[in-house]
Amino acid sequence: MDDTSVSGAYRPRRRGVLATAVAAAALAGSAALAGCSVPAPRRSAPTADPAPGMPIARSPRARLMQFAAHPDDDLYFMNPDTRRLLDAGVPLVSVYVTAGEHTGVNRVKGMPATAPDKAAYSSARHQGLRQAYAEAIGLDRFTPWDRGVVTLRGGRRAEIDTLTHGGRRVELIFLNLPMHTPRRYMALPALWNDRALELPTHVSAGSPVDRSQPYDHEGLVDVLVGLLERYRPTVVQTLDPDPDIQLGDEAARKRDSEQPGYSDHGDHTAVACFSWASLIRWVADSARDGEPVPAFTTTAFRGYYNRHWPKNLPPQVLAEKAGHLVAYGGDPSWECGNPSGCGDYGVGGDRPLTNRKGWVRATHHRWPGRGPAVLAQPDGRLVAYGVLGLRAVRWRETEKGSGLWGEPEDLGGGPLAPELGSALLPDGRVLLVGVRFAALGGHGGPNRREVVLLEQRSPGGPFHAWRGLGNPERGDDRGRRIGVPVAVTAPDGRVHLFVRDAGKGVSTRVRDTAGVWSPWRALRGDAEVQDGLTALADGAGRVHLLAAGREGVEHWIDGVPAAPLPGAGDPVAAVPAPRRPDGVEVYRREPAAKELLSSGGGDAAFDGYGLVTAAADARSTVLLGKDLRGRLQLRRGGRLHTRTQGPAPVGGAALLLGADGATAVGLGADARPWTWRPERGARS
């Protein structure tokens with residue numbers, strides 16, 4: 001198809017809106033995107049439903065579904081997580097909301113100039129994805145795919161490409177909405193914001209879908225909910241709906257394609273908002289229809305954030321991640337069988353590793369965490385708390401030491417971000433804290449986050465009703481930027497709650513022994529920090545907070561800044577110092593390094609990447625984390641154990657030390673807890 005016909009199909013329509021609204025939408029585009037709210041909505045969005053007691057569905061098998069804005073977002077920002085699940089045999093459904101057509105120019109230095117062709121460029125990028133995923137499941141990059149058409153809700157149609165090999169299955173679904181345009185109101189950010197905008201899709205050259213079709217805000221949400229209902233994933237990966245506030249040089253911002261005032265691409269934020277709105281509606285519709293809550297876990301990934309912070313992937317992991325982008329980028333000389341091109345040429349060759357933006361060199365979760373909150377009950381059985389179907393749940397071990405878990409008990413609170421903080425009170429009761437999507441309305445609805453609390457009535461027993469703890473920020477836009485709450489109980493019985501705030505500092509509240517919470521206050525300090533805070537009490541009863549910053553690891557003791565530690569690419573782990581009561585021993589990896597370093601003794605002999613969990617008992621310190629192949633590993637003293645069996649893990653894992661050794665508990669890709677007791681030689 002020539003460029004004229006594509007352009008002819010590329011005219012947005014506004015139903016019943018005066019032409020003067022176009023200018024207003026254009027002005028509101030960038031700022032409103034980050035706030036994801038505009039005039040009054042046509043349909044009220046599902047609201048928070050904190051009441052507990054909903055039945056939770058039981059999924060027959062694991063399945064990963066990921067939502068990307070562009071045909072490379074998954075490769076840049078969601079790997080190596082996606083690859084690890086594919087390697088474990090988890091089927092993948094990857095949904096690309098835009099066509100990736102950009103300006104229609106697909107060339108690198110040295111190629112002859114060609115006329116822009118958006119249909120061809122979109123087709124070439126889709127071919128690049130087929131190349132990358134063919135290699136990822138062990139096939140030749142030019143292996144033919146089964147290309148067909150899937151009918152979506154509302155009668156819309158999309159291309160679906162399917163490839164299977166050796167028990168692995170990948171499905172790529174292309175919705176083909178427009179991305180970059182000269183007039184920003186004609187793209188996805190405005191579709192989130194504008195109740196009257198209707199956008200036609202692009203037609204990619206050679207696609208089995210040969211006609212454009214319209215989408216409005218409700219239509220896109222409905223299509224995404226329909227895909228969730230069709231595939232019923234147990235793991236959902238999205239982009240970042242609430243990127244950091246990022247102020248700086250305007251020329252650099254434009255050059256790097258970041259939206260004004262925020263550290264990400266506008267399409268990324270819009271697609272993430274649509275994705276989370278669809279997840280919330282999927283759960284709400286299931287409840288409305290009397291069906292169980294879908295059982296799934298979620299992970300949201302940072303995007304252009306990667307450019308602004310220390311890199312966290314060591315060379316071995318980085319090489320694998322970059323290799324997928326090399327296959328995606330392709331080369332003009334390749335003979336792939338697609339007349340429109342064999343990849344996104346600007347990404348091919350050595351360019352993923354030489355690109356000054358450095359996106360490929362890091363993978364950051366929007367809400368980083370160390371897995372479910374786990375503790376032992378008085379009868380010796382374990383109990384775990386986590387988020388499933390956007391709601392807090394509790395699992396109980398069926399028998400002491402069995403490593404088997406009962407069905408999840410719904411504790412409500414939803415819709416919640418994926419990670420919970422927790423604290424154990426001196427009387428044995430549990431506090432759970434999380435971030436609730438108090439509102440995510442789009443096209444006129446509010447967009448609000450709040451910190452929420454669930455307090456247990458009695459040890460091992462039921463809970464009080466959910467309670468709001470507010471937000472350290474004033475205003476919804478800043479309030480959206482908060483991170484994962486972390487809590488620690490001091491020896492004096494007070495509970496210290498910490499959260500990363502919109503200024504990239506830390507804010508805190510303290511619960512006294514009578515259960516009364518102090519107001520929010522910001523901790524002193526000028527350095528900016530990443531999310532993934534570490535809080536603990538030392539042997540002298542002092543509360544330490546550690547957070548990885550740009551140049552070093554920031555450290556507070558009882559809320560007062562202390563001397564920072566050397567830098568880290570990821571959140572750090574810490575335990576009370578074994579040889580002195582008034583300190584902590586900190587474990588960190590320098591940016592882009594595999595070695596884990598201890599503040600008390602150099603290399604901890606625990607090479608890997610990602611978050612590390614540490615715990616100590618009278619015997620020694622135990623470390624839990626991922627090796628360079630993404631497998632879970634545990635070290636105590638001179639012994640290193642590697643988990644090679646069991647469900648594929650998703651996210652972090654909790655570590656509990658007891659009389660029978662170390663126990664690791666996490667969530668699998670099947671949305672069920674798993675238990676690993678390597679020191680007993682038992683795996684489940």
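**Stop one: a cluster of rings**

Start by selecting Tyr76, Phe77, Tyr304 and Trp359, which ring pairs link into a cluster. Here, rings of Phe, Tyr and Trp (its six-membered ring) pair if their centres lie within 6.5 Å, and planes under 30 degrees apart count as stacked, over 60 as edge-to-face and the rest as tilted.

Before going on, know that this is a predicted model, where local features need pLDDT of at least 70, side-chain atom pairs count only at pLDDT 80 or more, and totals for chains, interfaces and linings use all residues. Residues are numbered from 1 along each chain as its sequence is written, and side-chain values use heavy atoms, with hydrogens and water left out.

The structure holds 14 aromatic pairs. Select phenylalanine 142 and tryptophan 334: their ring centres are 5.7 Å apart and the planes stand at 75 degrees, so this pair is edge-to-face. The two partners are 192 residues apart, with phenylalanine 142 in the loop between helix H5 (118–136) and strand E4 (146–151) and tryptophan 334 in the loop between helix H10 (315–329) and helix H11 (351–354). Helices (H or I, at least four residues) and strands (E, at least two) are DSSP runs, numbered from the N terminus. Phenylalanine 142 counts as partly exposed, at 28% relative accessibility; buried means under 20% relative accessible area, exposed over 50%, and partly exposed in between (1.4 Å probe, protein chains only).

Now go back to tyrosine 304 and tryptophan 359. How are their rings arranged, stacked or edge-to-face? They are stacked, 4.3 Å centre to centre with 5 degrees between the planes. Tyrosine 304 is buried at 6%, and tryptophan 359 is buried too, at 11%.

**Stop two: charges over rings**

Select arginine 550 and tryptophan 309: the charged end of the arginine sits over the ring, 3.8 Å from its centre. That label needs NZ of Lys or CZ of Arg within 6 Å of the ring centre and within 35 degrees of the ring normal. Another example is arginine 643, which lies over the face of tryptophan 674 at 4.2 Å from the ring centre.

**Stop three: asparagine 312**

Asparagine 312 lies in the loop between E10 and H10 and is buried, with a relative accessible area of 6%. Its side chain reaches the backbone oxygen of threonine 363 at 2.9 Å. Show what asparagine 312 touches (heavy atoms within 4.5 Å): leaving out residues up to four places away in sequence, the neighbours include Arg361, His364, Asp570 and Tyr609.

**Stop four: a hairpin**

Next, select strand E31 (residues 609–616). Six of its eight residues are buried, so E31 is largely enclosed by the rest of the structure. Five bridges join E31 to strand E32 (residues 621–626), and the two run antiparallel; strands pair if DSSP finds at least two bridges between them. A hairpin of four residues joins E31 to E32, and alanine 616 stands opposite threonine 621 in E32.

**Last stop: the disulfide**

How many disulfides does a search of the whole structure find? One, where a disulfide is a pair of cysteine sulfur atoms within 2.5 Å. Select cysteine 336 and cysteine 342, joined at 2.1 Å S to S. With -85 degrees about the S-S bond, their link is left-handed. Cysteine 336 is buried at 11% relative accessibility, and cysteine 342 is buried at 5%.

How values were computed. Polar contact = N/O pair within 3.5 Å; in protein donor to acceptor, adjacent residues only side chain to side chain.
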